[in-house]
Amino acid sequence: MKKLLAMLLCFAMVSALVPAMADGGTYTVFYGSEVSTLNYLVTSTTWDQSMAANIVDCLVEYNNLGQIIPSLAESWEVSEDGLVWTFHLRQGVKWYDCFGEEKAEVTANDFVAAMKYILTPEYESAVASQVYSAKIVNAEAYYNGEVTDFAEVGVKAVDDYTLVYTLSAPVPYFLSATTYVTFLPAYGPLLEELGADFGLDNQSLYYCGAYILETFEPQSEHLLVKNQNYWDAEHVYIEAIHRLYNAESATLAPVAALRGEVDSADIDNDILDDWLTNHPELVTKGRADLQYSYFYCFDFVPQYEEEYDPANWVKAVNNKNFRLSIMAAFDRVYSLTAEDAENPESLLANVITPPAFASVGDTDYVNLPAFDAAKAKYYSGDNTAAIAYKEAAIAELTEAGATFPVKVVLTYKSSDANWANQVQLVKSQLEGVLGTDYIDVVLYAGPSDNFLSSTRRAGKYSIMRCNWGADYADPETWTDPFAAGNSYNFMDKMLDSEYAETVADLNTYYAMVEAAKAEVSDMDARYQLFAKAEAFLIENAFVIPYRTETADYMVTKIDAFEGEYASFGVCNLKYKFQHLQDDFITAEENAASFAAWQEALNN
């Protein structure tokens, strides 16, 4: 009761500061990169999934304090051995088309149909591996053709409202995994009818979520309107989400906000001082998202033009001392000034898993002893170590037939001002420490539209700042981008290469990951094993930890602290539970809302 009274008092204080909000209204924003697909069963990109999160519901969802609450499933239970999860679906939830016309009832069969689609190889789903991770019986075997009858896969519709998943081993994080796209439903008959054409446009999929995509005109506009018949319509306060395409949105949105044309805009670092000087009352910070981690990846299978000498890069990147020289010379704090000039150290991450994501006893996962050696292996701007690695790499690579300077293609998104400034700092700093006789850093400006498809997935980089979002509440999720079979950065394709050292190290890493996955009874031991595997990846410079997700500076009419909160899945991408204010939230109102949210979170 004391905790409840404290929470009510906090929220009462906030309500006194924040203007009264009327339900309804249209939330208008610019967007600068088009979604690559509306087919949420095949895409692994957050931007694509931001659409799915608002138009199709999960089995469960989260409130703004990170607590699981019912959604399409009203209740659920798990067997004593942890192998059978049974979900009891909400009755009367309907599918609608983009015109708002009722098409059918959402049933357990739609979850089965969606998973069958994901596990059908011809659809090339980028999220099939997440089904394997969840240990669904025979899921991977069906995908590989070893099992041909889908009835043998561990997902069953017992009846229209009872959905059962059977696992081959206990999965401690299974409930949280159901908030990712791999467990979203899709209307079975429509999937059968459309096949690969499912989700080509807003008319080729059905909706059971808070919003319906009424208008979808690529590189023009998206209009999501409230689903008036939504089962939880009383908690959908914003009437419509209107996205307007503008290739220069990052630059133009703040100006448009001042003119009253849009309701939200990010304030990039290069204009932050101006805004803090001229509009300090409007500059707020969103809620830091623990779902994401940023790190620099090396591309072991580059596909860029011959002028950048990809064959020579392959020789270099497969040399451990070469990778270590880059890692040791990389002053990450210096480059982070492009994103936060005032306090870049606050963004710095020394491991891939974000802080506060998991813990062993009272110890945050990121501070486990397993990481001590990895952290000691390099320090930002450790020039002495960098030069020592460089000299060793030159000797080894010269013998292997490599030439110098090695061209290093550093890729970034051209429309991201902070990122563009950052790569300039990285280039000057790396070349300044290691010398242009050793490396030639070539800046490659990737396009605004379909950026990931045309750069990372296409192999158009040597080194690139990448990111990953957690798909479930377990450190295993941070091994997924490097997993064998994941096309994230093609690292595993080197397992069949001539580079014996790389092959041996990768096999060691994958064996460590499998050992961690096998531990399902002792969570502390499981997390320690994952930490050792992650530390091995860092110590051998297969990946360079970079930063945590930031709480971006912005001007906005939406209070981020009302939204769903989770460090995994798609729930963070929803507009449900949020109100649209008449005026921009002030810095004072934002601070009060954040304080109240933190107080409630801690209670």
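Trainee: Why is Lys-427 called partly exposed?

Mentor: In this predicted model, Lys-427 has a relative accessible area of 22%. Buried means under 20% and exposed means over 50%, so Lys-427, at 22%, is classed as partly exposed.

Trainee: What makes the pair Glu-431 and Lys-427 a salt bridge?

Mentor: The closest N and O atoms of Glu-431 and Lys-427 are 3.0 Å apart. The limit is 4 Å between a side-chain nitrogen of Lys or Arg and a carboxyl oxygen of Asp or Glu, so the pair qualifies as a salt bridge. Glu-431 and Lys-427 are four residues apart in helix 15 (residues 417–434), which means that about one helical turn separates them.

Trainee: Is Glu-431 buried or exposed?

Mentor: Glu-431 has a relative accessible area of 15%. The cut-off for buried is under 20%, so Glu-431 is buried.

Trainee: How do you know that Glu-305 and Lys-460 form a salt bridge?

Mentor: Their side chains meet at 3.8 Å, N to O, and the cut-off is within 4 Å; the pair therefore counts as a salt bridge. This pair links distant parts of the chain, 155 residues apart. Glu-305 is in the loop between strand 15 (292–298) and helix 10 (310–317), and Lys-460 is in the loop between helix 16 (451–454) and strand 20 (463–469). Glu-305 has 33% relative accessibility and counts as partly exposed.

Trainee: What does the salt bridge between Arg-547 and Glu-339 tie together?

Mentor: The closest N and O atoms of Arg-547 and Glu-339 are 2.8 Å apart.

Trainee: How many salt bridges are found in the whole structure, and which residues are linked in a network?

Mentor: The search of the whole structure finds 20 salt bridges. A network of salt bridges links Asp-57, Glu-61, Asp-232, Glu-564, Lys-574 and Lys-576.

Trainee: Why are helix 11 and helix 14 called roughly antiparallel?

Mentor: The axes of helix 11 (residues 320–329) and helix 14 (residues 383–399) cross at roughly 160°. Angles over 145 degrees count as roughly antiparallel, and the two helices are therefore described in that way. Their axes come within 8 Å, and the crossing is left-handed.

Trainee: Which residues make the contact between helix 11 and helix 14?

Mentor: On helix 11, the contact is made by Asn-321, Phe-322, Leu-324, Ser-325, Ala-328 and Ala-329. On helix 14, the residues in contact include Ala-385, Tyr-389, Lys-390, Glu-396 and Leu-397.

Trainee: What makes helix 11 mostly covered?

Mentor: Ten of the ten residues of helix 11 are buried. Among them are Lys-320, Arg-323, Ile-326 and Met-327. At the start of helix 11, a side-chain oxygen of Asn-319 reaches to within 3.0 Å of the backbone nitrogen of Asn-321.

Trainee: Why is Phe-300 called buried?

Mentor: Phe-300 has a relative accessible area of 1%. As buried means under 20%, Phe-300 is placed in that class. Phe-300 is located in the loop between strand 15 and helix 10. Beyond residues up to four places away in sequence, Phe-300 touches several residues, including Val-314, Arg-323, Met-491 and Phe-542.

Trainee: What sets the backbone of Gln-219 and Asn-450 apart?

Mentor: Most residues other than glycine have a negative phi. Gln-219, which is not a glycine, has a positive phi of about 60°, and Asn-450, also not a glycine, has a positive phi of about 50°. Gln-219 is found in the loop between strand 10 (211–217) and strand 11 (221–226), and Asn-450 in the loop between strand 19 (439–446) and helix 16. Gln-219 is partly exposed at 45% relative accessibility, and Asn-450 is partly exposed at 34%.

Trainee: Where is there a cis peptide bond?

Mentor: A cis peptide bond joins Phe-404 and Pro-405, with omega about 0°. Most peptide bonds are trans. Pro-405 lies in the loop between helix 14 and strand 18 (406–413).

Key:
Residues are numbered from 1 along each chain as its sequence is written. This is a predicted model: local features need pLDDT of at least 70, side-chain atom pairs count only at pLDDT 80 or more; totals for chains, interfaces and linings use all residues. Side-chain values use heavy atoms; hydrogens and water are left out. Buried means under 20% relative accessible area, exposed over 50%, partly exposed in between (1.4 Å probe, protein chains only). A polar contact is a pair of N or O atoms within 3.5 Å; within protein, one must be able to donate a hydrogen and the other to accept it, and residues adjacent in sequence count only if both atoms are side-chain atoms. Axes are lines fitted to C-alpha atoms, for helices over the stretch in contact, and angles run from 0 to 180 degrees between N-to-C directions. Angles under 35 degrees count as roughly parallel, over 145 as roughly antiparallel, 65 to 115 as roughly perpendicular and the rest as oblique. A crossing is left-handed if the near helix is turned anticlockwise from the far one by less than a right angle, and right-handed if clockwise. Contact means heavy atoms within 4.5 Å.
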